[in-house]
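User: Please take one part of this model and describe it closely for someone who has not seen it before. Then place it beside the way the chains meet.

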4 protein chains.
Amino acid sequence: MLEKFRFLTAGESHGKCLTAIIEGLPAGLGIDVEFINSELKRRQQGYGRGGRMKIESDTVEITSGVRFGKTLGSPLTLIIYNKDFENWQKIMSVKAEDETDEKSFSTYRPGHADYAGSVKYNQKDLRNILERSSARKTAIEVAVGAVAKLLLKHYGIEWHSEILQIGKGKNEEEFHSEIDSAKSVGDTLGGKFEVVYENLPIGLGSHVHWDRCLDGKVAQAVMSIPAIKSVSFGNGEFGYEIPGSKFHDEMFLKDGKIVRKTNNAGGVEGGMTNGEPLVVRAVMKPIPTLKTPLNTVDSSNMTETTAHFERSDTCAVEACAVVAEARIACVLANEIMLMYPSDFLTDKV
Amino acid sequence: MLEKFRFLTAGESHGKCLTAIIEGLPAGLGIDVEFINSELKRRQQGYGRGGRMKIESDTVEITSGVRFGKTLGSPLTLIIYNKDFENWQKIMSVKAEDETDEKSFSTYRPGHADYAGSVKYNQKDLRNILERSSARKTAIEVAVGAVAKLLLKHYGIEWHSEILQIGKGKNEEEFHSEIDSAKSVGDTLGGKFEVVYENLPIGLGSHVHWDRCLDGKVAQAVMSIPAIKSVSFGNGEFGYEIPGSKFHDEMFLKDGKIVRKTNNAGGVEGGMTNGEPLVVRAVMKPIPTLKTPLNTVDSSNMTETTAHFERSDTCAVEACAVVAEARIACVLANEIMLMYPSDFLTDKV
Amino acid sequence: MLEKFRFLTAGESHGKCLTAIIEGLPAGLGIDVEFINSELKRRQQGYGRGGRMKIESDTVEITSGVRFGKTLGSPLTLIIYNKDFENWQKIMSVKAEDETDEKSFSTYRPGHADYAGSVKYNQKDLRNILERSSARKTAIEVAVGAVAKLLLKHYGIEWHSEILQIGKGKNEEEFHSEIDSAKSVGDTLGGKFEVVYENLPIGLGSHVHWDRCLDGKVAQAVMSIPAIKSVSFGNGEFGYEIPGSKFHDEMFLKDGKIVRKTNNAGGVEGGMTNGEPLVVRAVMKPIPTLKTPLNTVDSSNMTETTAHFERSDTCAVEACAVVAEARIACVLANEIMLMYPSDFLTDKV
Amino acid sequence: MLEKFRFLTAGESHGKCLTAIIEGLPAGLGIDVEFINSELKRRQQGYGRGGRMKIESDTVEITSGVRFGKTLGSPLTLIIYNKDFENWQKIMSVKAEDETDEKSFSTYRPGHADYAGSVKYNQKDLRNILERSSARKTAIEVAVGAVAKLLLKHYGIEWHSEILQIGKGKNEEEFHSEIDSAKSVGDTLGGKFEVVYENLPIGLGSHVHWDRCLDGKVAQAVMSIPAIKSVSFGNGEFGYEIPGSKFHDEMFLKDGKIVRKTNNAGGVEGGMTNGEPLVVRAVMKPIPTLKTPLNTVDSSNMTETTAHFERSDTCAVEACAVVAEARIACVLANEIMLMYPSDFLTDKV
C-alpha cells in the first residue's frame, strides 16, 4: 500500500462489478469522468484482441468523494459494472443456496494462478481462483490510474507509451503480421513496451532508504501486473554490455541549465527522478490461454490432460501498456503528494 | 516496509557505523553470527574489486533481540562498525562545531544520486548525499538478509546465485578478460546475474491484490538496489519473442506428483510461488565512478567540468548478486511469516 | 491501516451509498448476510434516537469476495445504499454542471469537524465537510466489523456490551429519565459504556514494539470514533487511586489452571491478551447538534451567530457502543490472523 | 508505524544498549544533543523513584543521519548505552555458549507481560520476556520523541505536562504525602496526568478515514505505554455527565479572529486539531512490582507462590508523563510532515 495515495480494489471477473476505493487525494481536484472512461476504452483496444473486447465498453460510476466535479478530500469510490452479469448471476451468486457446479473446472491452466492459488486458498473449483486472478481486474486499476493521472496533469506532467517489439516485429506493420501468424496457428504472443512520464519534478523518491526508492516502487507496481515478467529503466536491460563510459548520462550546460544528451538511466538516479523523462520498459509474457491447448493436470482425478480454453485474445500488449501507465501514475501521484502539501489543490502551481 | 519482517537501516558510508533494526522475528530462531559474517565477506569479494575491499573485512555486532544464541521475539539490532572511521571522525562529525569543508565537493557525478539528491534535500556539499547513497549501505542489508536466510534455512529453503554475463563474457574466464580490458582503459562494467531460491512452499504471495503479489515485492526489493536497472523472472526478459505454446510451463505427473519440464515463469504464477525454483534475473549497470572521468557540471559555479573520482572498483556484479540474494531473502522471510504461525519456532517443521 | 485485515471505507452521509472494501480475509469463511444486517439494525436503535433512525433500516449488499456463502480469499465489497438518495441526488451530484448552493451552509457547528475541516480542505460550503464527518459513515464500519465478528465467532470468541452511565443515570430506568429530561429542554447527552470480548487466545498483540501493543491498537480504533473522547481498559480509569496491592490481578490455581479473582487490567498485560476477558470502556461526548443552539461564527461574513440544527437525536450511546464493538472486532480479527495461519479456514479449529 | 516519521526501537533492559532508527526526517533540522539528554534526565526524575534512577544518567549517542549539527535527510541512529552492562554481560550474552540460568525466574508477576509473553513466545525463563517488556525501553522512546520535539519547535509549537492526581492527592504537597504513605507500607501508586501541546496548525489529522484521525493516533501512542490504562482528550472523561449545551466549545469573535472560552474537546474536533491547545489526559496504573508481594503462580512447577521483587520505585508518574509527551511528539511530527513539504527545512517558516 502506498503511503498517501492509498487504494484497495475488489471484484471478480464475472461478478456484479469491480470496485475501488481511493483514499488520500487532496480536495479540489477536478474529476473528469469522460477522461476516465477514455482510459478504460484504451485498455479495451489493440490489435489482436478477441471479439468480446471490441463490443463491450466499460464505464465508471463514482459514488463518493466527488461533488460538483471536484474531489472533497474524502475517499473516492469507483465502480465498473459487468455488463454481462445477468448471464453469470447464478454462477457467481453470493448466496449459499445458489451453489452449483455449472462453469466449475478442475484442470490447471499453465501460466495462470490456478494451481498455486487453489493450493494456497484450498479451493477445489478453480473458478474460485480464476475469477480474481483474471486480467479483468486491471480495468478498475486503469480507472484508479486515470484519477492519479488527473492529479499529475494538474502539475503539468505528461505521458505516453509505445510498443517496442512483438515476436520479431519492431513496427506496427510487423506487429500485425506477427499477430496474424500466431492467430492462424492458435498461438499467442507477448511483447515489450515502454511507458514515459515527462515534466516530473526532480527528487521524487529517495536514496535514503530502500523502500523509498522510486524505481523500486515503480518496479513493484508494474511487475505485479499479472502478465508482466520483466521491468527495466531506460537502457537498463543492456546495462551488462554497455561500459560505464557510455552508459552514464553526462551533464552539460545549455542556457545556464543542466542538460543531458542521453537518458540511459531512464530518468532515475539514486532512486530519484533526475529531471529527465522517466522511461520504464516492460515485457509482457504471451497470453496463457491458447486454442492449441497445453499439457497439464486435472486436479479432480489427478490425471494428465490438456488445458481448458476460455478466451480468444491473441495479443494484449497494448492493453497491458495502458495498465502499466496507470500503475505508474499511482506511484507518481503518491510521490507528488509526499513532496508537495496535498490537503487541497490551488488553481495553479 | 514489509508487513511482518520489518526493518530500518541507517548509516553513512564513512560514518561511525551502519545499523539495522529488525522487528517481527519469531522467538527461538538460532542466530549464527559466523554465517552473517560469511555473507558479509561474500559481498566484499569478486573479481574486479579495488584494493580497499580486499583488505577490509566487515563483521556484525548484535546488541539486542538475541540471547544465548536464539532470538527472543524482540527487535534485533545489527551494527557494522566502519574500521576506517578514525580517519573520518572530524569530516563526518555529528557536532556543529566540527563543521569543515574538507572532503566536500560540488561536482555532480553522473549516474549517482548527487544531482537529484542535492536538489531534493537542498544540500550544497554533495558529500551530504554521497554518504548515504553509496553502495556501502548495502553491507548492513546483507546482514539483515543473512538473518532472513536463517529463517528460510529453518524451513529447508535453499539458494544460490550465478553471474550470467559481463560485457560480452558468458563464463568465468571471459568475465575476467572483460574486466581486465575495461580496467586497462579506466572503464567499468556491469553484468547480468541470476538468484535462485528452491524448496519454497507453494502459495507465497497472492493474486488477490496487486500489493500482495510476490513478484512485485521481489521486484521492488531488487530494483531499489542502487545499481540495478532491470529485473526479470525466469525467461521473462524474452517473453516478447517466445510464443505462448513454448513459454508456459506445462504440467505433467510423475509418481503422482505434478512436475514441469520448463521453468520460464521463474517459479511465479499469478503472483505466487508455484513449487518450482524462484528464478530472479537482474542487470547491474556499470559502476558510475570512472578513472576516465565523465563530462558534468560543477554546482558551486555552474560550469562544465569532469567528474570527481573516488573509488577504484571496475566491476562489482558478484557483490551486487549477494545484495540481491539478501533482499529477496527478506521478502521471502516476510511471506513465510505471513503464511505460517510465527510467534516462536519449534525445533523442526 | 491494520496489517492483515485491511479495509478502506467511503461514502458521504447523503451520497448514493456507503462502501467498504476488506482485503486479507481467509478463504472459506461463512458470510451470513443476515447477521451483518442485524448488526446494522442494532446500530440504528437505542433510547433517545430521533424519528429517522426508527424508520430506516440499513441493509448490506456484497458485490465481491463471496461465492455461495463463503469467502474466496479475495477482497470483499460491502455497500449500504442510502434510501433517501433520491431527495439528495442533485445536492450531492458528482457532476460539475449540477452545482448548486441548495443545502450549503457556512455556520460552524461547535463539536463538529466543520471548522478544522474547512480550513484543512479549503472549503467554503461546510456541507463538503459535514457529509464525510457525519456519524452516518459508522454504518459501513459496523458492517465491516460484523464480517470481522464472523471470523472471531469461528474461533469461539464471544462479546457483549453494556451502557454504564448516562448523565447521572446508572441503570436502564435512570438512563431513560435522564434522556427524557435532556430532550425536554432541547439538550443532548453522552454516556459511558463497556465492550467485552471473551475466549480470546492468550498473546494477541505484543510487548516487543509500541505499535504492536493490542491496547494501543484498540485505543486507536475506539478513540477515532467521532464522538468518543475517552478510552480505558478494565478499571484503568481509576488507576490513579487504587494502590498497587489492590490493582494488580493476582494469579491462583484452580484444577491446575491459572485463574484470577479480579480483572482490573481489562484482560491486557504487557500489550497482550492474558486470557481474561478484554474489557474496554469508553466515554461518548454528548451529540453536538442541539435544538437549543450554541454560539458560533458564520464563516461567510465572519459574524457571531448560533449553530445550524439538523438532526434530532438526544442520545446515541447504544449506537456508539455497537460501533466500538465493531471497531474492536476488526483489531482482534487482524491479530487473530497474525497469530494463526490464515489463508483458508478449516471447518473446526 | 507512522507514515512519515517512521521509527523502530530495540534493546533489552539489561542489554548492552537501547537503539532507535528514525527514518523520514527532513534535511537541515538542527539536532541539539543536549536537549535530548535533558529530556532523558527528565524521565529519570520525580518523587517516588528508587535509588538507581537518581544515580544513573542516560545520555544519547547519534551515529548516523546528522552531520555538523544538522540532519541530512537520512535515517538517524540513536543509542543509549546501559552503564551497568558490565555486570550483566554474561547473563544477557548473545552467544549460545554463555547460556546460564543465573537471574532466570519462573514466577509470573501480575500486572507484567510475564504470563502472556511467555505463552506467546514459548519461553520458560521469564527474563526473556521481562527484558523487553520493562519500562527501561521507554528511555529510547524519549530520545526519539526529543528529536520529534525539535521538529515541532521549528514550527513554533510548545508543550508542557502536569500531574493531576496521585492517590487522593491533587497538588504537589499531597502527592508527596501519598507517595510517602504508600512507600511506608511497601505499596505503589499510579496517577493521572495531562500533556498539552500549543500553537499547533489547524487541521492535523483528518475526519475522512478512521486511521487518519489525530485523536486515534495519539490514543494508540499513549495507550501503548506499558503502564497507561486510560486516555482522554480535554474533559472527555466526564463527557457522560456534562450535557451538550455545556460540553461543546462555543465559538466567538475577538479582533476578527475565532476564539473559544472553553476547551472541553481538548483541541480536537472531527479527528483534527482545531487551533485550541491539544490536551491529552492519561491514567498510569500503579507499578506492579511491590515490596509486599502479590499472590501468583510459579510456572516451573505450577504451584501457588508470591511474586518476585526486583525494583524499588513507589511511583513513576512524572516519568510516565515524559514518555507520553515524547510519544505524542512523534505523532505530531508525523502529521506536520504530512501537512507541510518536508524534504528540507528552511531557516524560518
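Phe35(A), Ile36(A), Asn37(A), Glu39(A), Leu40(A), Arg43(A) and Gln44(A) are the buried residues of H1(A) (under 20% relative accessible area, with a 1.4 Å probe and protein chains only). This is a predicted model, in which local features need pLDDT of at least 70, side-chain atom pairs count only at pLDDT 80 or more, and totals for chains, interfaces and linings use all residues. Residues are numbered from 1 along each chain as its sequence is written, chains are lettered from A and ligands numbered from 1 in the order in which they are written, and side-chain values use heavy atoms, leaving out hydrogens and water.

H1 covers residues 33-44 of chain A, 12 residues in total; helices are DSSP runs of H or I with at least four residues, numbered from the N terminus. From first C-alpha to last, H1(A) reaches 17 Å, close to the 16 Å expected at 1.5 Å a residue. After H1(A) comes Gly46(A), with a positive phi near 120°.

As for the chains, 96 residues from chain B and 96 residues from chain A take part in the contact (heavy atoms within 4.5 Å). On the side of chain B that touches chain A, helix H7 (residues 214-223) of chain B gives the largest share, seven residues.

Notes: Helices (H or I, at least four residues) and strands (E, at least two) are DSSP runs, numbered from the N terminus. The expected span of a helix is 1.5 Å times one less than its number of residues. Buried means under 20% relative accessible area, exposed over 50%, partly exposed in between (1.4 Å probe, protein chains only).
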